[in-house]
Amino acid sequence: MKLQPTNRLRTLAIGAAVVSGALVLSACGSDDNTGGGNEGGGTKAASNIKCDGEGNLLASGSSAQKNAMDIWVKNYQAACEGSAVNYKPTGSGAGIQEFLQGKTGFAGSDSALKEEEVEQSKKVCEGGQGINLPMVGGPVAVGYNLAGVDDLVLDAETVAKIFDSKITQWDDEAIKKLNPDAKLPSTKIQAFHRSDESGTTDNFTEYLHSAAPDAWKYEPAKAWAGKGGQSADGSSGVATNVKNNDGAIGYFELSYATGNNIPTVKLDTGAAEPVEASVDNATKAIAAGKVVGEGSDLAMELDYATKADGAYPIVLVTYEIVCDKGNDKESLDLTKSFLTYTASEDGQSALADAGYAPIPDEIITKVRETVSSLS
C-alpha cells in the first residue's frame with residue numbers, strides 16, 4: 001500500500017475498523033450542485049445546537065465542502081441569531097494561507113497541513129499549533145463530455161497520460177483497448193485542470209502518482225504540474241468547461257458531475273470489474289487505509305492504489321484546520337460552538353440530502369473531544 005508522504009501531524013488515516021455505513025461522500029463545491037435541500041433535517045439539527053459566542057466568524061478554504069458549509073451555516077444561524085459564520089470557498093491553498101496569516105478562525109482544506117505550514121501556524125497559534133479535524137470527504141470523479149459515448153473505462157496510466165498531454169485523441173489505441181465496444185471518435189481531447197491551488201488537485205495527483213508512477217512523474221501537490229491542458233478556476237469552473245466542450249475531460253467532486261449531468265469514468269484498478277465513482281465505492285477505498293496517528297491532530301492517509309473489488313480510489317477528506325491552543329479570544333467561543341455542531345450527530349446527519357455521509361464514529365468522537373479542548 002502506497003501512502004502519501006507524512007509528517008508528525010499528517011499521520012492519521014482511516015482504517016477498516018473505523019469505517020462504517022456510508023462513510024465517504026460526494027463532496028461538493030462552490031455551487032449547490034446536489035439538487036437537494038436540507039429543510040427536513042435542518043429544523044431538527046438547529047433545535048439541538050448549543051449557541052456560544054457572538055459576532056462574525058470568518059473562515060475560508062476548500063470548495064469541496066462549500067455545500068456542507070451552506071447547510072451547517074444555515075442551521076447554526078437559525079438557532080444562534082446573534083452569530084454569523086462567513087465561509088468563503090477560496091480553495092484549500094488560499095484558505096490555509098489566510099489561516100496562517102491570522103485572518104480566519106479556521107480553514108477548510110482537502111489536504112492536511114504540511115510540516116512547514118505547521119511551523120508557520122505556531123506564529124498564529126500562540127503556545128500551540130494548527131491541527132487537522134476531518135469533517136467531510138468524498139470521491140473525486142473524472143468527468144467527460146464525448147458525443148456518442150456514455151460508458152467509458154480508463155485506468156490510472158491512461159488517465160495520467162491524458163492529463164499530461166501524452167494521449168491527445170479519444171480514439172487512441174490505449175483508450176480503445178479499455179473500451180472495445182465503444183465507438184470512439186477521433187475528437188481531440190481537451191483536458192481541464194484546476195488553476196488555483198487545490199486539495200482536490202492534491203488528492204487527484206496522489207492517485208496518479210501512486211497508481212501510475214511510471215506515467216505520472218510529478219510529485220503530488222495542490223498546484224497543477226502536468227504538461228499542457230487547460231485550466232479553470234475551482235471545481236465549478238472545471239465542471240462548466242467539461243459540460244460545455246465536446247471532447248473535454250476533467251476532475252471534480254462527484255456532486256459536480258451529478259448536479260451537471262456529466263458522465264463519469266469507471267476506473268480499471270486491477271479489481272475484478274471497473275469501479276464507478278460513488279459514495280459506497282469510495283467508502284471501500286477509504287477502508288483500505290489505516291489509523292497511524294497520535295495526539296490531537298487527526299490527519300488521514302489513504303491508499304490511492306487500492307485494487308480491492310468495488311473500491312473507488314480517488315478520494316479526499318476535507319479538514320477544518322484550527323489552533324489547538326492560542327485561538328483568537330474574541331472568536332474562540334463561536335469557533336468551538338460552530339465546530340461542535342458540525343461534528344455533532346445532528347450536524348453530520350444534516351448533510352445526507354446533499355450527498356454527504358457521516359465521518360465514522362471512532363473518528364468523529366475524537367474530533368468532538370478535540371474541539372471541546374480548543375483554547
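Tutor: Gladly! Buried means under 20% relative accessible area, exposed means over 50%, and partly exposed is in between, with a 1.4 Å probe and protein chains only. This is a predicted model, where local features need pLDDT of at least 70 and side-chain atom pairs count only at pLDDT 80 or more, while totals for chains, interfaces and linings use all residues. Residues are numbered from 1 along each chain as its sequence is written, and side-chain values use heavy atoms, leaving out hydrogens and water.

Student: What share of the protein chain do buried residues make up?

Tutor: The protein chain has 375 residues. Helices (H or I, at least four residues) and strands (E, at least two) are DSSP runs numbered from the N terminus, and the chain comes to 13 helices and 10 strands. Of its residues, the buried share is 58%.

Student: How many disulfides does the structure hold, and what is their pairing in sequence order?

Tutor: A disulfide is a pair of cysteine sulfur atoms within 2.5 Å. The structure holds two disulfides. With the bonded cysteines of the protein chain numbered in sequence order, the pairing is 1-2, 3-4.

Student: Which handedness does the disulfide of Cys51 and Cys80 have?

Tutor: The sulfur atoms of Cys51 and Cys80 are 1.9 Å apart. The torsion about their S-S bond is about -85°, so this disulfide is left-handed.

Student: How far apart in sequence are the parts that this pair ties together?

Tutor: Cys51 sits in the loop between α1 (39–47) and β1 (55–61). Cys80 sits in the loop between α2 (66–79) and β2 (83–88), so the parts tied together are apart by 29 residues.

Student: Is Cys51 buried or partly exposed, and what about Cys80?

Tutor: Cys51 has a relative accessible area of 36%, so Cys51 is partly exposed. Cys80 is at 3% relative accessibility, so Cys80 is buried.

Student: Where in the chain is the partner of Cys125?

Tutor: Cys125 is joined by a disulfide to Cys323, with an S to S distance of 2.0 Å. Their S-S torsion is about -70°, so this disulfide is left-handed. The pair links distant parts of the chain, 198 residues apart: Cys125 is in the loop between α4 (115–124) and β4 (130–145), and Cys323 is in strand β10 (residues 315–323).

Student: Are Cys125 and Cys323 buried or exposed?

Tutor: Cys125 has 0% relative accessibility, so Cys125 counts as buried. Cys323 has a relative accessible area of 3%, so Cys323 is buried.

Student: Now the rings. What kind of aromatic pair do Phe163 and Phe204 form?

Tutor: Rings of Phe, Tyr and Trp (its six-membered ring) pair if their centres lie within 6.5 Å; planes under 30 degrees apart count as stacked, over 60 as edge-to-face and the rest as tilted. By this rule the count comes to 11 aromatic pairs. The rings of Phe163 and Phe204 have centres 5.2 Å apart and planes at 75°, so the pair is edge-to-face.

Student: Which helices hold Phe163 and Phe204?

Tutor: These two residues are 41 residues apart and link distant parts of the chain. Phe163 is buried at 2% relative accessibility, and Phe204 is buried at 0%. Phe163 is in helix α5 (residues 156–163) and Phe204 is in helix α7 (residues 199–211).

Student: What kind of pair do Phe204 and Trp224 form?

Tutor: Trp224 is buried, with a relative accessible area of 15%. Phe204 and Trp224 are 6.4 Å centre to centre with 15° between the planes, and their pair is stacked.

Student: Which residues form one aromatic cluster?

Tutor: The cluster takes in Phe163, Phe204, Trp216, Tyr218, Trp224 and Tyr251.
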